[in-house]
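Biologist: Before we discuss terms, could you put the model up, so that each label can be set against its rule?

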There are 4 protein chains.
Amino acid sequence: MIVVMKPEHTEQDLRQLVSHVEKLGLRTHLSRGERRTIVGIIGERDLIQEIPFTSFPGVEAAHPILQPYKLVNREFKEEDTKIRIGEHVELGGRAIPIIAGPCAVEGREVLDEIADALHALGIPMLRGGAFKPRTSPYSFQGLGELALKYMSDVRSRTGMPVVTEVMDPRDLLLVYKYADVLQIGTRNMQNFKLLTEVGQVDKPVILKRGMAATIKEFLMSAEYILSHGNDKVILCERGIRTFETETRNTLDLSAVPLLKKLSHLPVIVDPSHALGRTDLIPAMACAAVAAGADALMLEVHVRPHEALSDGSQSLTPAALQALLDRVEPVAQAVGRTIL
Amino acid sequence: MIVVMKPEHTEQDLRQLVSHVEKLGLRTHLSRGERRTIVGIIGERDLIQEIPFTSFPGVEAAHPILQPYKLVNREFKEEDTKIRIGEHVELGGRAIPIIAGPCAVEGREVLDEIADALHALGIPMLRGGAFKPRTSPYSFQGLGELALKYMSDVRSRTGMPVVTEVMDPRDLLLVYKYADVLQIGTRNMQNFKLLTEVGQVDKPVILKRGMAATIKEFLMSAEYILSHGNDKVILCERGIRTFETETRNTLDLSAVPLLKKLSHLPVIVDPSHALGRTDLIPAMACAAVAAGADALMLEVHVRPHEALSDGSQSLTPAALQALLDRVEPVAQAVGRTIL
Amino acid sequence: MIVVMKPEHTEQDLRQLVSHVEKLGLRTHLSRGERRTIVGIIGERDLIQEIPFTSFPGVEAAHPILQPYKLVNREFKEEDTKIRIGEHVELGGRAIPIIAGPCAVEGREVLDEIADALHALGIPMLRGGAFKPRTSPYSFQGLGELALKYMSDVRSRTGMPVVTEVMDPRDLLLVYKYADVLQIGTRNMQNFKLLTEVGQVDKPVILKRGMAATIKEFLMSAEYILSHGNDKVILCERGIRTFETETRNTLDLSAVPLLKKLSHLPVIVDPSHALGRTDLIPAMACAAVAAGADALMLEVHVRPHEALSDGSQSLTPAALQALLDRVEPVAQAVGRTIL
Amino acid sequence: MIVVMKPEHTEQDLRQLVSHVEKLGLRTHLSRGERRTIVGIIGERDLIQEIPFTSFPGVEAAHPILQPYKLVNREFKEEDTKIRIGEHVELGGRAIPIIAGPCAVEGREVLDEIADALHALGIPMLRGGAFKPRTSPYSFQGLGELALKYMSDVRSRTGMPVVTEVMDPRDLLLVYKYADVLQIGTRNMQNFKLLTEVGQVDKPVILKRGMAATIKEFLMSAEYILSHGNDKVILCERGIRTFETETRNTLDLSAVPLLKKLSHLPVIVDPSHALGRTDLIPAMACAAVAAGADALMLEVHVRPHEALSDGSQSLTPAALQALLDRVEPVAQAVGRTIL
């Protein structure tokens, strides 16, 4: 940490700061420039980061030198983390799995119809919402356990592992029982209690980036999960909120190479939620793969205009097929393959 | 809802849309312009809002006409909602209470020291964190029930009602037992399960605006609480995320008159979290009162540089006194008074 | 400047950096921590700020210690700058002048009608657009010199000094001839050629904050004007772009105390453009004054629905009168008065 | 345009609106729902868009139905616009040209060194700044005409057409004389006088998206140029401003397919300015091509750490070569080729 003193600071201010810091077992390093005096603080990172330096008298600013995350940091683990899901899928390796399915599971029949279409296209993983976070209390909130059962039955029939969101610590055991991968939604990226809970299970977790989360906050939320013992975390970019209104959110693809540089965790992309409209999804799916995405998450419905949620951004199976035809050569161009 | 057809839509597209909509018991109203055909959809708002119009073939766009919120809407309840807290405080009336206290309760002694200083200044309500949402898993997470007890003891001694955050549905009963007002933090504004739970208790709820929440989303989250039966909701503006880095967030004071126009609920302002630095708090507290705030929420600590969280934005009791001296005449200038 | 080396940097990287920097006449100060080596760069600020430190091999990051602006910096001039306009107005002192008028001058008659109404209300300064920056090439672009003449005639008749925007360096002489205060619009805040030109005249300049400009960039644009010789710069907050759509922009009132802390220049507020709707203007005008604004800029039209631009945010003279009645007591509450 | 009346509007309000609108030669279409009355306005788009509907008494909101841009609109010209530059380059076709060069031309020797390296790599177009928009008045502002001459000499020697920015209408003739393509920088995207001027020349114009410009505003700025007669406009996405600080801006690649859907103009991408750091450029260059970019604009310098501007984001020729090796297969995967 670099602490910058105000030009008008007193020697007493400086002594108070240094003595406080040294009492905590940290060391200081003083440097007096023409206009500012600077105090470097050296020692245990976690200790340093908790000190409210700018509330000390005479302090102007404080600049952290080290990133606040450790376990997710590539500095501490150089090789890519690869995560096995079911028998056939590995995330973070050469193959790029497609994770597809409806926004919400709406009933057994329509789920089966969708899942069969996906299976016929060779899609290796099923996504579907059982508990749905909806902006309106009057909207369809999901079928709950019933939806989990329907998806689990699809898995039995097709072998597709199941990804589904857990919204509430009280539902964790239930979701754990049925799902292969737990998803933490964008609105829960900083639901620290929930992060702590999924940090204590042994199944992979897809952590979606908060709609307005910085990369640092995103990695700190992943750090929560790892620090509680679960190192199977998959980071998912799903669009950030900007001033633009033509798309639902703005897909931040530069997050992909950036996260892969800062962290060893796999990074996947969900263009459906980012765009909120189907027409731009194929181009952005190609771009995501070219940027280095380790998987694509896509909303698919057999009759989007009848969907109980997010129909506007759901591809039909035919549109998914066309997308796959465009994406596969891009994957090969970057030395990978679509699974 | 106004649905705009694409210029190249077919009569078949139009028939499919109209027939789908009419099957749901809604009426349609057609208008053919030179360049676009427009379909007005008339009927039950909640029904209309769930239809994914843009996923119908031939549809270009859909514009909602009515706001999606009802119970919180001033259109449905004209007079201001006033909320009683304890024996002496009423929120939403002429008096503007100050809610002050430490970010986190750090121990009995330091809390008592802070609370006594606040009480001596005549502050009518105490805030303090028992369960703290912290970006880092390595940061102080709060004392939990112990903190609730300490605050409850302060109330017994001073009569100050207590505001504290609930982060987890599993803690609700515990927090309910000790607190006078439940707070939903900015990161939980769209934790719909938690909103549903606090919607079922009979104590007032301070709902903080999400850091990147639109006004519409903010009101929809309040609607969750009201729709589950609790109409004692207090809206709190606490800064939104922008590109600016000189302040922690950007305090959006225009939210105050806007929310009061759209809704009948009281609106309060937390300049501490918005600014993240103490030097700008007094000016912005004055501005908040001038804009129409119904209460101010302020972080206060006796020794900010020793605070275990948010020390950089905590006022000392002396600074709070100076702030009160500046704010009181502003309150009077807008026909109100500081409590 | 604090330069942080990558953990894997070589001694050769360090030598290259130090030698490059010392060749420029700057000094360095080395500090080796457990995880990072840090190089402090000491010397002439302007020189330091031009070095692309992060493009040196082995460099991870660079943190500037000093603000990049000098002439506008309160560190270099402690007392508030006060600016005289005409015979009766002083900006930056105790009195808060109201600057009012139509968005665009639309003709002699309607301007006279507006100006007479303003004059009758005691408004001390007239604003009006002669050259209008319009998003659409098909919108009314202003009357040009004719508008300047009409406003100048109003001044002759009423004594109200005239504020008007200059958009093009080629128009500067013309605008200079007629106007008392030159305005640089939000879209031209970083039109550096134009800033350079208005830096060379001797009339006051209102510099509007760019819609997405940081405070630092805003002050750097003011620095352009001062560095070319004109120190009569008035900073104007007029709303920043965020994700919110209920208002045209988001009025950032915390910019007022922040700018006044960082700089000695006067700071004024334009709520009309920030909000884009009239209903919230009175509350936000009060808040602006409470936050410390040195003047208010307001759009006024006798018949807003006939305005050729920005009618939706134009107050009628009657609404302005009501606003003044609300704002005056707030001004007094903060030790000032409305002019 | 769809105008929504307030629930409390009077018949008099409605008559005033309808009569005002019909006097302008427009037609209206009334629809009374249960909660709102709606007035459709039919007729000449430009006329309608200038009416400040929300300033009429009794009006709640107004929703435009048609896009405000015409000449740039794909609705009015279905086929892609292709733009010839020099003898060998066509923008908007199958080939994707690379436009590379230094941020600023710093001198004849270093430019020649860079240009020769680019020419050796087969790069078909040279970019370089003669007039530089710099945030600080103390930064290097470009060599002006000298820079233009040096670049023109490079063209004579290598055949590479030259792209350079024009910042000031007074420089237009000079820049026109030397350059093959004129560039309008991000800070001038809404410098409407400059847009009007470049709309009157016959050379292609690269229009950079403003840092906080919506897609609609971006297209309206292009409309300015086309409406003044120049239809050779190339749209350039170069990053938007968000809350993220790890990158200089956030590259919005979804703008590429979106712009190509809404408009017939070619769309290019500048990852250098968006990212502000070199390490992420290759991945994002691949992503840009996969998203449909018609060209890439890249900053290249032989010794980035000696660059007088933007060194931190400048690739070396060797890094450019490596990037080309990665991008070429991606181009082929989407049916194109790198030029």
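Modeller: A:S272 touches A:I281, A:M297, A:L298, A:E299 and A:Q313, leaving aside residues up to four places away in sequence, where contact means heavy atoms within 4.5 Å. This is a predicted model, in which local features need pLDDT of at least 70 and side-chain atom pairs count only at pLDDT 80 or more, while totals for chains, interfaces and linings use all residues. Residues are numbered from 1 along each chain as its sequence is written, chains are lettered from A and ligands numbered from 1 in the order in which they are written, and side-chain values use heavy atoms, with hydrogens and water left out.

Biologist: Why does A:S272 count as buried?

Modeller: Buried means under 20% relative accessible area, exposed over 50% and partly exposed in between, with a 1.4 Å probe and protein chains only; A:S272 has 0% relative accessibility, and therefore counts as buried. By that rule, 67% of the 339 residues of chain A are buried as well.

Biologist: In which helix does A:S272 lie, and what makes a run a helix?

Modeller: A:S272 lies in helix 9 of chain A, residues 271–275. Helices (H or I, at least four residues) and strands (E, at least two) are DSSP runs, numbered from the N terminus, and chain A has 11 helices and 16 strands.

Biologist: How do you know that chain B and chain A bury area between them, and how much is it?

Modeller: Buried area is the accessible area (1.4 Å probe) that two parts lose on being put together, summed over both; for chain B and chain A the value is about 4200 Å², with 53% of it on carbon and sulfur atoms. In chain B, the residues that lose the most area to chain A are B:Y138, B:K193 and B:H305, together 17% of what that side buries.

Biologist: How many residues of each chain are in contact across this interface?

Modeller: 48 residues of chain B are in contact with 48 residues of chain A.
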